[in-house]
Amino acid sequence: LGLFDIVNTPGVAADLSHISTPSKVEGYLKPDDGLKKALTGADVVVIPAGVPRKPGVCTFSTTRRLSDGSYFL
């Protein structure tokens, strides 16, 4: 599992690596060609997209607003 983002990816990879699975987890950042390393040999690419939640806004509300496009109006 190769993870890429602009921040915090190695920490998330370390957290995920504690899951009992034979999969190898690596976190990559932009420096040192991180995106290329994360995509090399990938069979599936998942691109999560979202917006930061504001204080007091629940995940469901954010997901609903993303799915109906109201965040982009």
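1. Accessible areas here come from the Shrake-Rupley method with a 1.4 Å probe, and for residues only the protein chains shown count as cover. The protein chain exposes about 6200 Å², and carbon and sulfur atoms supply 59% of it.

2. This is a predicted model: local features need pLDDT of at least 70, side-chain atom pairs count only at pLDDT 80 or more, and totals for chains, interfaces and linings use all residues. Residues are numbered from 1 along each chain as its sequence is written, and side-chain values use heavy atoms, with hydrogens and water left out.

3. The protein chain has 3 helices and 2 strands (DSSP runs numbered from the N terminus: helices are H or I, at least four residues; strands are E, at least two). Along the sequence the pattern is β-α-β-α-α.

4. Of the 73 residues in the protein chain, 10% are buried (buried means under 20% relative accessible area, exposed over 50%, partly exposed in between; 1.4 Å probe, protein chains only).

5. A search of the whole structure finds 1 salt bridge (a side-chain nitrogen of Lys or Arg within 4 Å of a carboxyl oxygen of Asp or Glu). Lys 24 forms a salt bridge with Glu 26, and their closest N and O atoms are 3.6 Å apart. Lys 24 is exposed, at 59% relative accessible area, while Glu 26 is partly exposed, at 30%.

6. Leu 35 lies in helix α2, residues 34-39. Leu 35 counts as partly exposed because its relative accessibility is 44%.
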